[in-house]
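Let's take a look at how charged side chains pair up in a protein model. Have the sequence and the 3D view open as you read.

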Amino acid sequence: MNQSVKRYSPLQLVLIGGAITTTTTVSLFGSAWTRCVLAAFQDSPKALVDEVWQLVNREYVDGSFNQQDWLAVRQSLLSKEYSSHQQAYVAIRQALEKLGDPYTRFMDPQQYRALASQTSGEVSGIGIRMEVNQQTRRLTVVEAIANSPAFRSGIREGDEILAIDGQSTHQMGVEQASELIRGQVGTPITLRLGRIGRSSFDLQLRRATIEVPTVHYVLQQEGNRRIGYIRIREFSGHTSGQMRRAIRDLNSQNADAFVLDLRGNPGGLLNSSIEIARMWLDNGGIVRTVNRGGGSELTQANRTALTRRPLAILVDGNSASASEILAGALKDNNRGVVIGSQTFGKAMVQSVHELTDGSGLAVTIAHYYTPKGTDINKKGIVPDIKIDLTAAQQRQLASNPDLLGTPNDPQYARAIAALSGHNFAHPPVRQTTQPVGSSMRD
C-alpha cells in the first residue's frame, strides 16, 4: 500500500531504480516526545549528519563499507562544526562518496520532494504535459491528461502557455513552469493561452490531485493478428493499477498476443514490478533478494495471471532496475521472448528515508538476482533476440516518438515476426540480428 509522505513523520521508503514505496515505522516513545526531538534535530545540522551515518551503518548492504573505517568517518563528521544545513549536506555527500555506490545518495528537501512526487504517481496540478516547442521556442501543451482539470476545461494539444498567474513564460523552461503550476489541491490558477485561429485568452482552473499516466496501450492490427501493445514509462505507485486496466481492456478486445515495451524505462517501485509480473505469470519465481547478512528471499507468482496469450518484451540499454526485474522474471519463466538491446544492469535495491529536515537518503540494502539466480549487475539482461538500433534509427525514433510500436520501429517489427512464429509462446534459441544497414563488427 502506498502511503502519503509527510514531512517530519518517521517513514521508511523502499526504492529500486530511483523510486519509492512507503512502510510506516513505529516510534518507541510518545508523540509529544518525538515532536520535541524532531524539532531539536531540525535545528541541528550536526544531528542530521549523524542521522545519515546511523542509517548507513545499520542498513548498507556492504558490511565492510567499501573497505572504509565507517566509525572513523563518523568521528570525522562529528568533529566538525556546521553553521548551516548546506554545509552539512556537503559533508554528508562527501562521506557517502567513500562507499563508491552511486545509488546510496543524499537528497536535499527539494530533490526528495520531487522523488516522492514522481514515484507516488501523483502530482497536485492541472494535468498537462508540456514541452518547449523547438520551432517557436514557446511553452506548448503536449497532452491534457484525461479527466484532469485541464482536460475538462478544454485545453488542447498544441496550445501555447503564454503566462502562469500573470507571469510571462517567455524563455521559461518546463521545470520552472511546472513549479508554478503545481500547488495545493483546490487552489486557483490562471493560464493565458495562445491557440491557432483565435486571440490569446485567460483560463482559470483549480488544482487537483492528478494520477500521472505511466502506462500507454493500444490494440493494433498486424496482418491477421490483433496485437495489444503496452508501453510502461516507469514503475510508480499507480502503474500496477494502470497495467491491470490495460490488460483487461485489451482482453475484452480479443487481443491475440501482446508486446510489452520496457525500452527507456529507468525503473521504479519494487512492489509495482512484482505486482505486474504476477499479472503475466501464474507460477514461478519473480526475483530473489539478498541482504547484508546473506539472508535470501524469493518472491513468487501467486496464480493471478490476467492472460496467457503470447508475449514479446522489448528492452534496450536504458531499461533498468525494476524493468530488468520484470523482464528477467518473464524470460526465466519462458513466459515471453525478450527482444532488443542488452539492458542497463542495475541489480541493487535501495531504501529511502525522509530525514528530519525534509531531506532524504537512499541506502542500498540488498542485491537482487533473476529467478534462475543470474546476477545482472553491471551486465544487464541479454535478449533472446538481440537487435540493436543504428544511430540513425535511434535519432528517428527519438525525434518522432509516434513511430514507437509501429512497423517503422525495427525492434517492434521483430517482435511481431516472433509472435507470428509457431513457437512464439516460448523464447527461441538465442540469436543475434545485426542492425539494419550496419556492417559486421568484431
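What follows is a short tour of the salt bridges here.

## Ground rules

This is a predicted model, in which local features need pLDDT of at least 70, side-chain atom pairs count only at pLDDT 80 or more, and totals for chains, interfaces and linings use all residues. Residues are numbered from 1 along each chain as its sequence is written, and side-chain values use heavy atoms, with hydrogens and water left out.

Side chains of opposite charge can pair when their charged atoms come close. A salt bridge here means a side-chain nitrogen of Lys or Arg within 4 Å of a carboxyl oxygen of Asp or Glu. That rule gives a count of 13 salt bridges.

## A linked trio

R263 pairs with D261, with 2.8 Å between the closest N and O atoms. Both residues are buried (under 20% relative accessible area; exposed is over 50% and partly exposed in between, using a 1.4 Å probe and protein chains only).

## Bridges across the sequence

Next up is D282 with R308, whose closest N and O atoms sit 2.2 Å apart. D282 is in the loop between α9 (270-280) and β15 (285-291) and R308 in the loop between β16 (296-300) and β17 (311-315), so the pair ties together parts 26 residues apart in sequence. Helices (H or I, at least four residues) and strands (E, at least two) are DSSP runs, numbered from the N terminus. D282 is buried at 15% relative accessible area, while R308 is exposed at 67%.

K331 and D384 also form a salt bridge, at 3.8 Å between the closest N and O atoms. K331 lies in helix α10 (residues 322-332) and D384 in the loop between β20 (360-369) and β21 (385-387), so this pair joins parts 53 residues apart in sequence. K331 is buried at 14% relative accessibility, and D384 is buried at 5%.
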